[in-house]
Amino acid sequence: MPKVVLIAVDSSPQQQAVIAAAAEFATECSSDLHVVSVNDPARHWELGIADPTTAPFDVLDHDVIATLEAAVRQLAERGLPCHTHARTGLPAEEIARLAVEISADLIVIGHRHLSWVGRLIDRSVGRDLLDRAPCNVLIVSERENTYPE
C-alpha cells in the first residue's frame with residue numbers, strides 16, 4: 001500500500017483523470033499526497049521564441065503555479081490535503097529526483113496520446129520516467145473506448 005504518492009501534473013487535459021486516480025489511492029491507503037509540476041525550459045520553442053529570455057520562463061512559471069493551484073483545489077474538493085512542489089528542468093529527471101527526496105511509494109502521471117510525429121518532437125515523460133523512477137509508476141490513460149465490446 002503506497003504511503004507516499006507523488007502526483008505529476010501539467011496543464012494537459014489528463015490532469016483531472018490523474019488527480020482522480022491518485023485520490024482513489026490516497027483515500028484507500030491514507031496516503032500522504034505530493035503534487036509536482038515541472039517547468040521545462042525546453043518548452044520555450046512552443047512559445048515561438050528562438051532566443052529565450054526571462055519572458056517565456058515567466059509564462060511557464062505562471063503555468064506551473066496555475067497547474068498546482070488547480071490540483072490543490074481538486075484534491076481539496078475530495079477532502080485531501082497535499083504538499084506542492086514546483087520544479088524546473090527535464091520533467092522525468094525532476095519527478096524521479098523528488099520521488100527519492102520524499103521517499104515516494106508511487107508516482108502517478110498522465111499519458112498524452114501523441115502521434116508518432118508528435119513523439120519525435122516531444123519525448124514521452126512516462127517512458128523516460130520508467131527508466132529513472134525509484135518506485136512504481138501508474139500511468140493514467142484517459143481515452144475514449146475505441147474498441148468494440
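## The salt bridge between Glu-94 and Arg-87

In this predicted model, the side chains of Glu-94 and Arg-87 meet in a salt bridge, at 3.6 Å from N to O, where the term stands for a side-chain nitrogen of Lys or Arg within 4 Å of a carboxyl oxygen of Asp or Glu. Glu-94 is buried at a relative accessible area of 9%, and Arg-87 is buried at 16%; buried means under 20% relative accessible area, exposed over 50%, and partly exposed in between, using a 1.4 Å probe and protein chains only.

Glu-94 also forms a salt bridge with Arg-97, whose closest N and O atoms are 2.6 Å apart. Because these two residues are three apart in helix H3, about one helical turn separates them, and helices here are DSSP runs of H or I with at least four residues, while strands are runs of E with at least two, numbered from the N terminus. Through shared partners, salt bridges join Arg-87, Glu-94, Arg-97 and Glu-101 into one network.

Glu-93 lies in helix H3 (residues 91–101) and Arg-132 in helix H5 (residues 125–132), so the pair ties together parts that are 39 residues apart in sequence.

Residues are numbered from 1 along each chain as its sequence is written. Local features need pLDDT of at least 70 and side-chain atom pairs count only at pLDDT 80 or more, whereas totals for chains, interfaces and linings use all residues, and side-chain values use heavy atoms, with hydrogens and water left out.
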